[in-house]
Amino acid sequence: MDEAARLSAAVDKVSVGRVYDYLLGGTHNYAVDQAFAEKQLAVLPEIRDFARANRAFLGRAVRFMVGQGIRQFVDIGSGLPTQGNVHEVADEVAPGECRVVYIDNEPIARAHAQILLEQTADPNRHAALDADFFDQGQLWERVLDTGLIDRTQPVGLLLVALLHFMSDEQNPHATLGFHRTMLPPGSFLAVSHIHVAPEDVETQNAGKRVAEEYGRRTNHTAIMRSREQIAGFFGDLELVEPGLVWLPQWQPGAGDFTDEAARSRGLAGVARTR
């Protein structure tokens, strides 16, 4: 199947990235995605809170890393271009200084990302690759081949709202362990993941129904994991303050709903390599 045919088929199928874009109020989505999202919102209204809190966390994490001296980023599972892209946030803090490589394995996401970069980004500092989290060494070879990432300098590695689409059978903890070994000293790793407090049985059940529907319609079943399992993605890296917390609680800014943080249905953290 050629690229045009792949993209045509992708438009007719529910896309995780486009659903996320719709939940954020973006425009890179279609009727099939909108109908799917509204059906899931009827079961679990908080998924829109998760999407918005997650995007806000991404922005705060990038700003924090830039403030710590990071000038190069690798965003695995970047999805569709929508509000607050990594390069846009980074350039707000350090104009013209940061380099970003976006990575996604959905053809429609890569196509949109390429259009975005051609229209609004600097091709000398930003690139989009069609690659997969599980490619491991091959992924990093392609990242380095862009010429944008210097292996001798700290990197900001972002895996935001990605790992909950990886089943335990795929062993994402081991794969992320490999990616951590590719980070030079002084690098940072940002992770966010859906989570529902175990005592919230009603939401747990609703979340499972939504996860099953994602699996049926998108081939990406959302996996509910415990706090301990999510913490395991950081390995032995040192979490920066405030640690692994609800999305709005991670170094919150104005407008973050910290008083009802569990409503975000997601945990997030940033860790530093030694």
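Helices (H or I, at least four residues) and strands (E, at least two) are DSSP runs, numbered from the N terminus. Keep that naming in mind as you tour this predicted model, in which local features need pLDDT of at least 70, side-chain atom pairs count only at pLDDT 80 or more, and totals for chains, interfaces and linings use all residues. Residues are numbered from 1 along each chain as its sequence is written, and side-chain values use heavy atoms, with hydrogens and water left out.

**Stop 1: the largest pocket**

A pocket is found on a 1 Å grid over the protein atoms alone: it is an open set of points where a 1.4 Å probe fits, with protein on both sides within 12 Å along at least five of seven lines, and its lining residues have an atom within 4 Å of a point. Select V16, A161, L162, H164 and F165, which of the 49 lining residues are the closest to the centre of the largest pocket. The volume here is about 810 Å³, meaning the space filled by probe spheres set on the points, with grid points joined across faces, edges and corners.

Which helix gives the largest share of the lining? Helix 4 does, with seven residues. Helix 2 (16–23), strand 1 (72–76), strand 2 (99–104) and helix 9 (201–218) are among the elements that each supply at least two.

Now colour the lining by class: 30 residues are nonpolar, twelve polar and seven charged. Here Ala, Val, Leu, Ile, Met, Phe, Trp, Tyr, Cys and Pro count as nonpolar, Asp, Glu, Lys and Arg as charged, and the others, Gly among them, as polar.

**Stop 2: the largest nonpolar core**

Buried means under 20% relative accessible area, exposed over 50%, and partly exposed in between (1.4 Å probe, protein chains only). A nonpolar core is a set of buried Ala, Val, Leu, Ile, Met, Phe, Trp, Tyr and Cys residues joined through side-chain atoms within 4.5 Å.

Select F57, V62, M65, F73, L158 and V270: of the 53 residues in the largest core, these touch the most other members. Helix 4 (residues 46–67) provides the largest share of this core, eleven residues. A second, separate core has 33 residues, including A131, L148, V191 and W246.

Zoom in on F73. Contact means heavy atoms within 4.5 Å. Beyond its neighbours within four places in sequence, F73 has contacts that include V62, M65, I149 and L158.

**Stop 3**

Highlight helix 9. Its 18 residues should span 26 Å at 1.5 Å a residue, and its end C-alpha atoms are 25 Å apart, which agrees; the expected span is 1.5 Å times one less than the number of residues. Among its buried residues are T203, A206, V210 and Y214, and the buried residues of helix 9 pack against helix 2 and helix 3 (31–43).

Next, pick P198, in the loop between strand 5 (188–194) and helix 9. Is P198 buried or exposed? At 61% relative accessibility, P198 counts as exposed.

**Stop 4: two loop residues**

R265 sits in the loop between strand 7 (245–246) and strand 8 (266–272). R265 is buried, with a relative accessible area of 14%, and touches residues including E46, H193, D200, T203 and W246.

Finish with L237, in the loop between helix 10 (227–231) and strand 6 (238–239). L237 is buried too, at 15% relative accessible area. Which residue lies 57 places from L237 in sequence but 8.8 Å away in space, C-alpha to C-alpha? That is R180, one of the buried residues of helix 8 (residues 172–181).
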